[in-house]
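Here's a quick tour of one protein model. Have a look at the sequence and the structure, then read on.

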Amino acid sequence: MQQQPQQPYLILSASGNGYHLHIITREFYPVGKWIVLLKTVCDWIGAPIADGSCEIFPNERAESKLFGKAIRAPGTLNPKTGKVSLIEIQTVGPLLETLPRAWSSGVGNLQRALPRNNAEVSLHKRTR
């Protein structure tokens with residue numbers, strides 16, 4: 001029996017030249033399923049997919065790449081305009097309430113843990 005996916009959470013933010021609609025789920029889905037969903041929604045609302053007017057991420061090129069193309073997170077600084085993107089509408093509040101908290105009462109209460117054996121911290125992936 002296949003379980004139905006949870007309803008997605010949405011964040012609509014003003015990007016400076018238009019809007020970004022972020023769709024967030026608790027489950028992971030293959031890139032191909034996201035592409036089909038996004039293209040279907042664009043078709044339903046009559047928005048032709050074209051660079052600079054209606055773009056989807058991930059797009060068809062993302063399936064063949066090792067990494068996808070990133071976009072700025074909602075509510076962060078846009079370096080082109082020097083302004084923070086405004087969150088216009090969001091339904092993500094209930095999801096945020098279910099996530100574990102890193103701080104009990106604000107910044108500074110997080111214990112800093114050093115890497116094992118005083119090794120350097122690196123963003124490069126290594127396999128052993």
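This is a predicted model: local features need pLDDT of at least 70, side-chain atom pairs count only at pLDDT 80 or more; totals for chains, interfaces and linings use all residues.

Two strands count as paired when DSSP finds at least two bridges between them.

- Let's start with the overall layout: three strands make an open sheet, in the order β2-β1-β5, and their pairing is antiparallel.
- β2 (19-24) and β5 (86-90) sit at the edges, so to speak: each of these strands pairs on one side only.
- From one strand to the next, the twist averages 25°.
- What holds strands like these together? Strands of a sheet pair through backbone hydrogen bonds, and they can do that either parallel or antiparallel.

- How many bridges join β1 to β2? There are six, and the two strands run antiparallel, with β1 covering residues 9-14.
- Which residue in β2 is the bridge partner of A14? That's Y19.
- S13 has a counterpart in β2 too: S13 stands opposite H20.
- β1 and β2 form a hairpin, and four residues lie between the two strands.
- Look for G16 in that turn, where phi is positive, at about 120°.

**T25 and its surroundings**

- The side chain of T25 reaches the backbone oxygen of E27, at 2.7 Å.
- Leaving out residues up to four places away in sequence, T25 touches P8 and W34.

**The largest pocket**

- If you roll a probe the size of a water molecule over the atoms, you see where empty space is left.
- The largest pocket here has a volume of about 1,900 Å³.
- How many residues line the largest pocket? The lining has 50 of them, and L21, E55, I56, F57 and I71 are the ones that lie nearest the centre.
- The elements giving two or more residues to this lining are β1, β2 and α1.
- Which element gives the most? It's α1, with seven residues.

Conventions:
Residues are numbered from 1 along each chain as its sequence is written. Side-chain values use heavy atoms; hydrogens and water are left out. Axes are lines fitted to C-alpha atoms, for helices over the stretch in contact, and angles run from 0 to 180 degrees between N-to-C directions. A polar contact is a pair of N or O atoms within 3.5 Å; within protein, one must be able to donate a hydrogen and the other to accept it, and residues adjacent in sequence count only if both atoms are side-chain atoms. Contact means heavy atoms within 4.5 Å. On a 1 Å grid over the protein atoms alone, a cavity is a set of points where a 1.4 Å probe fits but cannot get out, and a pocket is an open set with protein on both sides within 12 Å along at least five of seven lines; lining residues have an atom within 4 Å of a point. Grid points are joined across faces, edges and corners, and a volume is the space filled by probe spheres set on the points.
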